[in-house]
Amino acid sequence: MKIIHFNEIDSTNAYLIREHASLDNMTICEADFQSAGKGREDRVWLSKRYANVMFSILIKDKELIDKYAALSVITGLLVRNYIASYEIDNVTVKWPNDVYVNDKKICGILLQGQIPNYLVIGVGINVNQTEFEGDYRKTPTSVLLETNRIIDLRRFKKGLYIYIDEQLDLFKRGLYEPLNEIRKYNYLKGKETDLGKVVDINFDYSLKVETKEGIKDVSTGEIKEK
Ligand code: BTN
């Protein structure tokens, strides 16, 4: 695992996309500040300088790329577990790519790339930020707001990178099967959404939704709560 650090960059996802050909599998790009941080659905990802954690992981390993449908939700679960280890309760994964504490968003994940060549998993976690300006669809929170403790970002990142690296490797080799954990921490379970009522998560990590036309399996896209 190689880590490339920037004090400032446009977007860590954009950097890995630009440079993917010359970089190794599992290269991590991190930044203290992004001038053009990307969110999903063409939104921006705003994050104060030196306050939070922003990084992207380059995946070039074919076996992991083949499992791309699961990667976003598994990364969400790993971030969930890591955040919960800071003694925060009610941390859940909003399928397929956000981490919530109670009803507030603490982390967003953006998967980009070119299947089957490479994937970039971008992760933004609110850690030491306490004030959020602008319009947010979901109220943001941070590790500091939830724990009343200022977090040592260097330690936080180091532990998180090692954890993600190890668990993704085990998952690739079929030695880590997170489905039950993901089902347990499924924020949307039982909730009414724009597509219908969420029943569960399927074996292939798609979402099982009860619609007017019957049960449907949803494998991509953003689900909006009612
Ligand atoms: C979302 O919730 O809409 C996804 C947000 C993803 C933000 C991260 S921060 C690191 C990486 N670089 C980016 O430009 N975006 C992702």
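User: Why is N13 called buried?
Analyst: Buried means under 20% relative accessible area, exposed means over 50%, and partly exposed is in between (1.4 Å probe, protein chains only). N13 has 4%, so it counts as buried. This is a predicted model: local features need pLDDT of at least 70, side-chain atom pairs count only at pLDDT 80 or more, and totals for chains, interfaces and linings use all residues. Residues are numbered from 1 along each chain as its sequence is written, and side-chain values use heavy atoms, with hydrogens and water left out.

User: What does N13 touch?
Analyst: Contact means heavy atoms within 4.5 Å. Leaving out residues up to four places away in sequence, N13 touches S56, L110, Q112, V120, I121 and G122.

User: What makes the link between the side chains of N13 and Q112 a polar contact?
Analyst: A polar contact is a pair of N or O atoms within 3.5 Å; within protein, one must be able to donate a hydrogen and the other to accept it, and residues adjacent in sequence count only if both atoms are side-chain atoms. The two side chains make such a contact at 2.9 Å.

User: Which helix holds N13?
Analyst: Helix α1, residues 12–19. Helices (H or I, at least four residues) and strands (E, at least two) are DSSP runs, numbered from the N terminus. The protein chain has six helices and eleven strands.

User: How much of the protein chain is buried?
Analyst: Of its 226 residues, 53% count as buried.
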